[in-house]
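Work through these exercises with the structure open beside you. Try each task before you read its solution.

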Amino acid sequence: MNPGLNMTYLILGGHVEVQKYRYLYFFILFTAYILIICCNTSIIYLTVIHKSLHEPMYIFIAALLLNSLFFSTNIYPKLLLDFVSEKQIISYPVCLFQVFMFYSLSCSEFLLLSAMAYDRYVSICKPLQYPTIMRKITVVFLLVLAWLLPACQVAVPIILNINNKLCNFTLKGIFCNNSLIQLYCVMSRALSVYGAFVLLNTGLFPMLFIIFTYTKIILTVYRSSGEVKKKAAQTCLPHLLVLINYSCLITYDMIIARMESDFSKTARFVMTVQIITYNPLFNPIIYGLKMKEISKHLQRLLCQSKLT
């Protein structure tokens with residue numbers, strides 16, 4: 001507690017030998033953040049300026065990459081500041097806001113991946129109905145739902161915890177996540193049940209929906225021609241790679257980060273860095289290399305920049 005400012009501060013205790021390696025950490029993650037910004041904004045820019053990419057599939061990809069930018073900006077600036085600061089602390093209100101943004105955007109990623117899976121399902125399994133089903137209004141509705149639904153659901157426990165009493169002020173992490181609940185004097189059973197509901201609603205159910213849609217796609221492709229199989233492989237494989245990668249990392253955060261165990265501090269630090277780096281950095285690379293239309297425009301953009 002800071003008596004002068006009447007502000008509660010939390011210690012971010014997940015850093016490993018930050019005094020010794022502060023500049024190395026700063027250089028690595030600053031480089032990663034710049035790459036994340038450049039890679040994601042490049043594909044978003046291409047999607048905006050090229051009419052051939054004004055299709056639902058590419059719009060969903062751009063939305064996913066925009067989500068990654070918001071996700072990274074929620075974490076990286078504060079983390080980089082902590083590396084060059086003498087004390088790694090964060091005010092309680094800012095910590096709550098960081099938790100809200102982290103889980104709201106994480107859940108949005110699952111819903112955006114679900115929307116992309118639905119788009120691929122309609123395109124491959126119901127090609128004649130695709131223009132009718134995936135209209136502009138449908139795409140807008142799915143995008144609004146993907147960002148608004150998690151935000152509303154995650155906001156409830158955040159608001160209810162604003163005045164919750166803290167009995168511990170050291171967080172086992174390098175930014176604020178669900179390990180924050182371990183600091184409260186009393187853990188609300190109702191909020192725990194509600195948290196499980198949100199997890200099911202914005203995590204497990206979208207995952208099951210994605211599995212269902214890709215199962216239907218595989219069965220349809222199995223009975224189709226070689227051209228359909230090629231199209232399915234080109235458009236569905238990047239989505240599956242992103243989904244598998246993100247699911248593994250977010251599973252760690254939802255389970256291991258909340259466990260009171262002897263899980264080493266170094267292992268926690270490494271896994272946490274992977275959570276905030278892998279998807280935002282590799283998503284644009286996967287889509288840039290695997291999606292033929294995006295790759296074509298990306299190569300032209302790179303060639304133009306070399307000529308100038």
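**Exercise 1. Helix α1**

Which residues of α1 are buried?

Solution. Keep in mind that this is a predicted model.
- Step 1. Find the helix: α1 covers residues 18-49.
- Step 2. Apply the cut-off: buried means under 20% relative accessible area.
- Step 3. List the residues that pass. The buried residues of α1 are V18, R22, Y25, L29, A32, Y33, I36, N40, I43, I44, L46 and T47.
- Step 4. Check one of them. Y25 has 14% relative accessibility, so Y25 counts as buried.
- Step 5. Follow the axis of the helix. At L24, α1 bends by about 35°.

**Exercise 2. The overall layout**

State how many helices and strands the protein chain has, and give their order.

Solution. 
- Step 1. Count the elements. There are 9 helices and 3 strands in the protein chain.
- Step 2. Read along the sequence. The pattern is β-α-α-β-α-α-α-β-α-α-α-α.
- Step 3. Look at burial. The protein chain has 308 residues, and 47% of them count as buried.
- Step 4. Look at the contacts. Take those between residues at least 6 apart in sequence: 81% of them join residues at least 24 apart.

**Exercise 3. Aromatic pairs**

Describe the pairs Y25 with F83 and Y194 with F197.

Solution. 
- Step 1. Start with the total. The protein chain has 11 aromatic pairs.
- Step 2. Take Y25 and F83. Their ring centres are 5.5 Å apart, with 45° between the planes. Planes under 30 degrees apart would count as stacked and over 60 as edge-to-face, so this pair is tilted.
- Step 3. Y25 is in helix α1 and F83 is in helix α2 (residues 56-83). They are 58 residues apart, and the pair links distant parts of the chain.
- Step 4. Check the burial of F83. Its relative accessibility is 0%, so F83 counts as buried.
- Step 5. Turn to Y194 and F197. This pair is also tilted, at 6.1 Å centre to centre and 40° between the planes.
- Step 6. Y194 and F197 lie 3 residues apart in helix α6 (residues 189-222), so about one helical turn separates them.
- Step 7. Y194 is partly exposed at 22% relative accessibility. F197 is partly exposed as well, at 42%.
- Step 8. Look for a wider group. Y21, Y25, F83 and F269 form one aromatic cluster.

**Exercise 4. Salt bridges**

Find the salt bridges of D82 and D119.

Solution. 
- Step 1. Count them. There are 2 salt bridges.
- Step 2. Take D82. Its side chain meets that of K78, 2.5 Å from N to O.
- Step 3. Check the spacing. D82 and K78 are 4 residues apart in helix α2, so about one helical turn lies between them.
- Step 4. Check burial. D82 has a relative accessible area of 2%, so D82 is buried.
- Step 5. Take D119. It forms a salt bridge with R120, with the closest N and O atoms 2.8 Å apart.
- Step 6. Check both partners. D119 counts as buried at 0% relative accessibility. R120 is buried at 4%.

**Exercise 5. The nonpolar core**

Which residues have the most contacts inside the largest nonpolar core?

Solution. 
- Step 1. In soluble globular proteins, nonpolar side chains tend to be buried together.
- Step 2. Size the core. The largest nonpolar core has 86 residues.
- Step 3. Name the residues with the most contacts inside it: I61, L180 and Y287.
- Step 4. Find the main contributor. Helix α3 (residues 92-125) gives the most to this core, with 18 residues.
- Step 5. Zoom in on L180. Leaving aside neighbours within four places in sequence, L180 is in contact with L10, Y92, C95, L96, V99 and L171.

Key:
Residues are numbered from 1 along each chain as its sequence is written. This is a predicted model: local features need pLDDT of at least 70, side-chain atom pairs count only at pLDDT 80 or more; totals for chains, interfaces and linings use all residues. Side-chain values use heavy atoms; hydrogens and water are left out. Helices (H or I, at least four residues) and strands (E, at least two) are DSSP runs, numbered from the N terminus. Buried means under 20% relative accessible area, exposed over 50%, partly exposed in between (1.4 Å probe, protein chains only). Contact means heavy atoms within 4.5 Å. Rings of Phe, Tyr and Trp (its six-membered ring) pair if their centres lie within 6.5 Å; planes under 30 degrees apart count as stacked, over 60 as edge-to-face and the rest as tilted. The bend at a residue is the angle between axes fitted to the seven residues ending there and the seven starting there. A nonpolar core is a set of buried Ala, Val, Leu, Ile, Met, Phe, Trp, Tyr and Cys residues joined through side-chain atoms within 4.5 Å. A salt bridge is a side-chain nitrogen of Lys or Arg within 4 Å of a carboxyl oxygen of Asp or Glu.
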